[in-house]
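Work through the exercises below with the structure in view, and try each task before reading its solution.

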Amino acid sequence: MTPLRFGVLGCADIAWRRMLPAMSADASMRLVAVASRDPARARLFAERFGAEAAVSYESLLARSDIDAVYVPLPVALHRVWVARSLGAGKHVLAEKALTARARQSVELYATAAEMGLVLRENVMFVHHSQHAAVQALVAQGVIGEMRSFSSTFVIPSRPAHDIRYQASLSGGALYDIAVYPIRAAMYHLGDQLCVVGAVLRLDRARGVVLSGSALLRTSTGVPAQLEFGMEHMYRSNYLLSGSDGCLALDLAFTPPADHRPLVRVERRDRVEEMALPPDDQVANAIRAFRTAIAAGDTAGELVDASISQARLIDELRTRAEVVSV
Ligand SMILES: NC(=O)c1ccc[n+]([C@@H]2O[C@H](COP(=O)([O-])OP(=O)(O)OC[C@H]3O[C@@H](n4cnc5c(N)ncnc54)[C@H](OP(=O)(O)O)[C@@H]3O)[C@@H](O)[C@H]2O)c1
């Protein structure tokens with residue numbers, strides 16, 4: 001496979017820590033250039049990852065030796081820069097949340113499809129094999145009939161200047177963090193979910209959601225209780241409760257590549273812990289993007305799920321009781 005030549009718009013923390021090391025390690029990708037608003041930062045990234053430093057986002061998009069771009073910008077900037085990237089004929093891997101409104105995500109996916117380009121939202125955890133393993137256990141009847149789902153993704157407070165505290169950049173836990181438990185609920189209950197109610201704690205001074213909790217349900221009344229936030233001790237898990245038992249997975253959303261997942265299954269007469277193989281969700285997510293480009297896959301399951309996830313976030317925001325703190 002000819003290496004995919006890619007560039008990066010914005011020298012983000014997630015690019016430095018996770019995505020660029022993994023992209024550089026993937027022989028089917030070749031980092032050509034990185035762009036930053038700050039030339040010194042672009043040079044720092046370029047030196048570490050063996051690429052060129054572009055003087056601006058626009059100049060990177062104007063290059064003919066780049067096939068695809070990775071967009072790790074703040075959420076509010078995704079819409080315009082994903083649209084410009086597609087306009088420049090590039091495939092796009094954009095960070096989550098793709099946009100702050102489902103309508104905008106639908107438009108971007110439609111543009112990508114019209115142009116024969118691949119657009120993917122970088123929700124990486126779904127690419128970890130532990131979730132398919134849990135799904136298989138449930139399908140085998142290990143917990144009986146599904147009765148409820150619950151999931152938590154909460155992280156500690158961030159430094160005061162963090163993009164997540166800036167309302168104008170669509171910061172806040174709703175876009176940055178709630179996507180994980182929402183997507184996990186969709187993964188295990190299907191995407192025909194609706195929001196029953198929600199509570200959001202809004203930072204009065206900064207105008208961003210610090211944390212929240214939501215109750216969703218399926219059409220057959222299976223509830224999903226979700227918690228998300230950025231003012232907590234780190235927790236990342238889900239629990240599936242069934243007629244004959246329950247199944248819990250810890251470190252569900254950001255496991256390191258060497259982590260050995262443990263699925264805990266409780267039934268009336270016994271408790272079992274099943275070890276699953278480690279997996280690298282970052283490398284898998286990148287490979288999935290690369291494979292989609294090779295296959296010309298402009299639509300499909302991941303696009304549908306990304307749109308359903310965005311619609312649930314719209315619904316959650318609309319229905320939530322917002323408490324200023
Ligand atoms: N998929 C995941 O697991 C995961 C994990 C963490 C974060 N994320 C997502 O990745 C994105 C970036 O998060 P991050 O934590 O890496 O943030 P970050 O370090 O603050 O990076 C954001 C980058 O956007 C660029 N930028 C352009 N205009 C900006 C503005 N007005 N204010 C601030 N930055 C601006 C900056 O790059 P230049 O200055 O170099 O242009 C900055 O480095 C977010 O959408 C977040 O939700 C995803």
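**Exercise 1.** From which domains does the lining of the largest pocket draw at least three residues each?

*Solution.* Begin with the ground rules: this is a predicted model, in which local features need pLDDT of at least 70 and side-chain atom pairs count only at pLDDT 80 or more, while totals for chains, interfaces and linings use all residues. Residues are numbered from 1 along each chain as its sequence is written, and side-chain values use heavy atoms, with hydrogens and water left out. A pocket is an open set of points on a 1 Å grid over the protein atoms alone, where a 1.4 Å probe fits, with protein on both sides within 12 Å along at least five of seven lines, and its lining residues have an atom within 4 Å of a point. The lining of the largest pocket takes at least three residues from domain 1 (4–124 + 283–297) and at least three from domain 2 (126–279 + 312–324), with bounds that come from an automatic or database domain assignment.

**Exercise 2.** Find the residues closest to the centre of the largest pocket.

*Solution.* The largest pocket holds about 1200 Å³ of space. Of its 46 lining residues, Ala12, Asp13, Ile14, Ile163 and Arg164 are the closest to the centre.

**Exercise 3.** Decide whether Thr298 is buried or exposed, and list its contacts.

*Solution.* Thr298 counts as buried because its relative accessibility is 17%, and buried means under 20% relative accessible area (1.4 Å probe, protein chains only). Leaving aside residues up to four places away in sequence, Thr298 touches Ala112, Ala113, Gly116, Leu117, Val118, Arg120 and Val303, where contact means heavy atoms within 4.5 Å.

Terms used: Buried < 20%, exposed > 50% of the residue type's maximum accessible area, 1.4 Å probe, protein only. Points joined across faces, edges and corners; volume = space filled by probe spheres on them.
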